[in-house]
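Subject: Structure handover

Hello,

Here is the structure for you to take over. My notes on what was found in it follow below.

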Amino acid sequence: MTEELHYPIDLDQAAIAALLPHRAPLQLLQRVEVLAHDHYTGEACWSADDPVLAGHFPGCAIVPGALLLEAAAQLAGAGLLAGDPIARAIAPGHLGMLTGVRKSWFKRPVLPNERVLFTLKCRRMGEKAVLASATAEVDGQEAATLEFMVSHVPAESLQHLIPAEQLKDLLGS
């Protein structure tokens, strides 16, 4: 029997780190709120002294669109593991991964120290896969719309690519 979930579920950085294998400098979310099994919000902010931003673009730092997409994928992963009964029931030995990008539109640059609010909804495509649709906003202005696939991939399917010890570290076992 699965435990009953009560929404909203609030996750701080430590709770996010307990769910995802990402660590600094690539743990991008500061906060996640699971509103329902398929609906999540999260916040990210990149500081002006972030080394990635120093090179993108020198003298006029802009958060790369790839980092906005990665932050949204991390939101989907944390939200699923915290609040989706189907994802929570997947057997150990699986790793949540960004497995496809359907479309992304970047509507305004995100600058250092701007708080980005992500709103994301998931649609289940199979037992181990969801299609996520997200928006990223800064001060109420839409910065990006993102649509991508997240799947829980069996670790054994990665054994020919990732050394066993590193795979074990990714899975936290």
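To start in the sheet: Phe118 has Ala136 in β6 as its bridge partner. The model is a predicted one, and every value below is computed from it. Nine bridges pair strand β5 (residues 116–126) with strand β6 (residues 129–138) in the antiparallel sense.

Sheet and helix

The sheet is open and has seven strands, in the order β1-β2-β3-β5-β6-β7-β4, with antiparallel pairing. Its edge strands, β1 and β4 (94–106), each pair on one side only. From one strand to the next, the twist averages 20°.

At the β1 end, strand β1 (residues 9–12) runs antiparallel to strand β2 (residues 29–36), and four bridges join the two. Strand β2 is also joined to strand β3 (residues 39–44), by six bridges and again antiparallel.

Helix α3 (residues 65–83) lies across β1, β2, β3, β4, β5, β6 and β7 (141–154), and runs at about 55° to β7.

Salt bridges

Six salt bridges were found in a search of the whole structure. One of them is between the side chains of Arg31 and Glu43, at 3.6 Å from N to O. Because Arg31 is in strand β2 and Glu43 in strand β3, this pair ties together parts that are twelve residues apart in sequence. Both side chains belong to a network of salt bridges that links Arg31, Glu43 and Arg115. Arg31 is partly exposed at 26% relative accessible area, and Glu43 is partly exposed at 22%.

Asp84 and Arg124 form another salt bridge, with the closest N and O atoms 2.4 Å apart. Asp84 sits in the loop between α3 and α4 (85–88) and Arg124 in strand β5, so the pair, 40 residues apart, links distant parts of the chain. Asp84 is buried, with a relative accessible area of 3%, whereas Arg124 is partly exposed at 28%.

Between Glu142 and Lys107 there is also a salt bridge, its closest N and O atoms 2.5 Å apart. This pair too links distant parts of the chain, with Glu142 in strand β7 and Lys107 in the loop between β4 and β5, 35 residues apart. Glu142 is partly exposed at 27%, as is Lys107 at 48%.

Tyr7

Tyr7 lies in the segment before β1 and is partly exposed, with a relative accessible area of 32%. Beyond its neighbours within four places in sequence, Tyr7 is in contact with Val34, Leu35, Ala36, His37, Gly83 and Pro85. Tyr7 and Gly83 are 76 residues apart along the chain, yet their C-alpha atoms are separated by 8.0 Å. A polar atom of the Tyr7 side chain lies 2.5 Å from the backbone oxygen of Gly83.

Cysteines

How many disulfides does a search of the whole structure find? The count is zero. For Cys45, the closest cysteine sulfur is in Cys60, and the separation of 16 Å is too far for a bond. Cys45 is partly exposed at 22% relative accessibility, while Cys122 counts as buried at 11%.

Regards

Notes: Residues are numbered from 1 along each chain as its sequence is written. This is a predicted model: local features need pLDDT of at least 70, side-chain atom pairs count only at pLDDT 80 or more; totals for chains, interfaces and linings use all residues. Side-chain values use heavy atoms; hydrogens and water are left out. Two strands pair if DSSP finds at least two bridges between them. Axes are lines fitted to C-alpha atoms, for helices over the stretch in contact, and angles run from 0 to 180 degrees between N-to-C directions. Contact means heavy atoms within 4.5 Å. Buried means under 20% relative accessible area, exposed over 50%, partly exposed in between (1.4 Å probe, protein chains only). A polar contact is a pair of N or O atoms within 3.5 Å; within protein, one must be able to donate a hydrogen and the other to accept it, and residues adjacent in sequence count only if both atoms are side-chain atoms. A disulfide is a pair of cysteine sulfur atoms within 2.5 Å. A salt bridge is a side-chain nitrogen of Lys or Arg within 4 Å of a carboxyl oxygen of Asp or Glu.
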